[in-house]
Amino acid sequence: RPLIAALVLVACATPALHPFDDAISEIHGDFDGDRRRDIALMREDDEGVQWVVIVRAADAATPIEVWGGDLASSPYFSITTARPGTYHSACEPYGGCPPEVPEQVTLMHDAILVREAHPHADILYYWNGTAFQSLPVAN
């Protein structure tokens, strides 16, 4: 009977939301609006290249990479939880946004903000109901 009880406990356990050992920072929030706690992780490889991965509680087995690459090799980036509210694009002061980029986004739930230490543009990653979208926002 103890073996059966152990198997039942293992089968009913929820998957861990933190599958990465190389995370250098971690934030929490309801990033997809389902009222469950999601995690965004900033990871860094051996060469110092950074990227951001989102692990949604609704699909913890499928982490989503939203930001990273060669541009992200600078140590001057961080992530923070963006709270619900209206965010204006950074392209508006420069003559407007291309048609595919909204001039503003109003969030009803949390989002991820990749912050740059130098005064340029931060990038807001928000859930549009089916996928994460990005919006450059002034910092």
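Biologist: How many of the seven residues of β2 are buried?

Modeller: Buried means under 20% relative accessible area, with exposed over 50% and partly exposed in between, using a 1.4 Å probe and protein chains only. Six of the seven residues of β2 are buried, so defined, and the strand is mostly covered. This is a predicted model, in which local features need pLDDT of at least 70 and side-chain atom pairs count only at pLDDT 80 or more, while totals for chains, interfaces and linings use all residues. Residues are numbered from 1 along each chain as its sequence is written, and side-chain values use heavy atoms, leaving out hydrogens and water.

Biologist: In what order do the strands of the sheet stand?

Modeller: Strands are DSSP runs of E with at least two residues, numbered from the N terminus, and two of them pair if DSSP finds at least two bridges between them. Here four strands form an open sheet in the order β1-β2-β3-β4, with antiparallel pairing. Because β1 (23–29) and β4 (64–68) each have a single partner strand, they stand at the edges, and one side of each is left without a neighbour in the sheet.

Biologist: Which residues stand opposite Arg 43?

Modeller: Arg 43 in β2 faces Ala 23, and it also stands opposite Trp 51 in β3. Six bridges join β1 to β2, and β2 (residues 38–44) likewise pairs with β3 (residues 50–55) in the antiparallel sense over six bridges. Ala 40 stands opposite Ile 54 in β3.

Biologist: Which residue takes a positive phi in the hairpin of β2 and β3?

Modeller: Gly 48 does, with phi near 90 degrees, in a hairpin that has five residues between the strands.
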